[in-house]
Amino acid sequence: MRKRIWITLVFLLQYGLSYGSPPIGPEVQIQIDSVAERMLLFQRENGGWPQPGGDPINYRKPLTEAQQNKLRQEKGKLDATIDDQATTREINHLVQAFQQTQNPAYRQAAERGIRYLITAQNAAGGWGQFYPDTSGYHKHITYNDQAMINVMWVMKYTADASNGFEAIDKALIPQARQAVNWGVQCILKTQYKQQGKLTAWCAQHDRKTLLPANARAFELASLSGSESVGIVEFLMSLDNPSPEVRQAVHAAVAWLESVKLTGIATKRIKDPSQPKGQDVIVVQDPSSTLWARFYDLDTNTPFFSGRDGVKKKSLAEIENERRAGYAWYGTWPAKLLAKEYPDWVKKWGH
C-alpha cells in the first residue's frame, strides 16, 4: 500500500528542492508518495530510468541509506531503457502521484522523463530498447513486450493532455504530438508485406532498413502474434484514422484471423527429470484457440527456437529452459478480434 507522510520545508531544502521543486514558504507542507520518492532516486540525469540487472525495479522495497547514496552517485549513467515498461511505468506513476499529492517534484520528474523519450525517438520515428546505448539489438525499433507502444501512449496522453497528463508542461504538447505522428508513420512503414500484401509486425525492426530483425538468440525475425496486437490497439485509438491507418488495421486483423491455431492448448506439468521439476507441453483441446509468438516471415508457419538460435517446428524440440521459460503461445488477439475491432469498424467503417 502506498505510504504517505507529511514533510516540512526542512525536507524540501534537503531533498525535494534538489529535484527542481519551486521555492515555497515555510508554512507550506507537501505530501509525498514513497514509491514516487524511490523513482526520483533511480531516475538518471538524462530523464530516463534503468533496469538494473535486467529486471524491473521493485519500488515497494525500502532502500537503505547506503543504497540511496549509491543511486545518487549513479545518476550520470547512460543505461536508461524502455524495456519491461521501464521509464514509461515511472512516468505514468509520477503523473498519478502528482494528481494525488500535488508534489511538484513528481510532475517535474515526469516531464524530464517525457523529454528523454522525445529525445530518444530515432530518425525512423521509432524507439530502440535503450537510449543512448545502441549496442547490439538495443538499437532496433522495439515493439517487443509493447516497449515502443508504451512510449506511444505516453506521447499520446501528453499530446492530448489526457489520462492525468493535464498538468504536464504545455510546452511539451507540440513535441509530443509530432512524436506521435512520426511514431505512427514508423508503424505503418514497418508493417511487413508478404508478396505485396500487408500482414503484421515483428517484435523488433532494423532502424535503417525497417525490416524485421533478430534480437536475443531465441528471438528471431518473425511475425508476432503478440506484439502486433498492441500495435493495432494503438492505431485504433487514433481519432479520425487516415486511410493508411485503416488499411493497416484491417490488414493486421485479417492476418491475425488467418494464423489462429484451433484445437490445441498448452499445459504446464510437473516433471522431476527437468532441472526445475516442470515442463510445458502442447495438448489437444477442441475448445481452445491460440496464437504463436513467432510466425515465419514467408510461410506464416509457427516456429520455436532455443538459445542456439535454430528454428524448430515444435515446442518439444527446444530445450526445457526456454520451453518452460517463455510465452510461445497465447490468446493475445482474442479480445481484439471478438470485441475491439468490431466496435472500431462500427465507429469508423471499412
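Me: What makes Val184, Ile187 or Trp201 a residue that Leu235 touches?

Reply: Contact requires heavy atoms within 4.5 Å. In this predicted model, leaving out residues up to four places away in sequence, Leu235 touches Val184, Ile187, Trp201, Val245, Ala248 and Val249.

Me: Which residues touch the most other members of the largest nonpolar core?

Reply: They are Trp127, Met155 and Leu235, in a core of 95 residues. Membership in such a core requires a buried residue of a listed type, Leu, Met and Trp among them, joined through side-chain atoms within 4.5 Å. In soluble globular proteins, nonpolar side chains tend to be buried together.

Me: Why does Met155 count as buried?

Reply: Buried means under 20% relative accessible area. Met155 has 0% relative accessibility, so Met155 counts as buried. Its place is in helix α6, which covers residues 147–160.

Me: Which residues does Met155 touch, not counting those up to four places away in sequence?

Reply: Met155 touches Ile114, Leu117, Ile118, Trp127, Ala176, Ala179 and Val180. Trp127, in that list, is also one of the residues named with Met155 for touching the most other core members.

Me: How far apart are Met155 and Asn300 in sequence and in space?

Reply: They are 145 residues apart in sequence, and their C-alpha atoms are 32 Å apart in space.

Me: Why is Asn320 called buried?

Reply: The relative accessible area of Asn320 is 11%. The cut-off for buried is under 20%, so Asn320 is buried. Asn320 lies in helix α10, residues 320–323. Apart from neighbours within four places in sequence, Asn320 is in contact with Gln274, Pro275, Gln278, Asp279 and Gly325.

Me: Why is the protein chain described as compact as a globular protein of that length?

Reply: The protein chain has 11 helices and 13 strands. Its radius of gyration is 22 Å, close to the 20 Å that the globule rule gives for 350 residues, so the chain is as compact as a globular protein of that length. Along the principal axes, the C-alpha atoms fill a box of roughly 70 × 55 × 40 Å.

Me: What percentage of the residues in the protein chain is buried?

Reply: Buried residues are 53% of the 350.

Me: Of contacts between residues at least 6 apart in sequence, what percentage joins residues at least 24 apart?

Reply: The figure for the protein chain is 68%.

Me: How far apart are the mean positions of the positive and negative charges?

Reply: For the 42 positive and 35 negative charges of the protein chain, the mean positions are 1 Å apart.

Key: Residues numbered from 1 in each chain as written. Predicted model: local features only at pLDDT ≥ 70, side-chain atom pairs only at ≥ 80, totals over all residues. Heavy atoms only, no water. Helix = DSSP H or I, 4+ residues; strand = E, 2+ residues; numbered from the N terminus. Rg over C-alpha atoms; globule rule 2.2 N^0.38 Å. Buried < 20%, exposed > 50% of the residue type's maximum accessible area, 1.4 Å probe, protein only. Lys, Arg positive; Asp, Glu negative; His and termini not counted. Charge placed at Lys NZ, Arg CZ, Asp CG, Glu CD.
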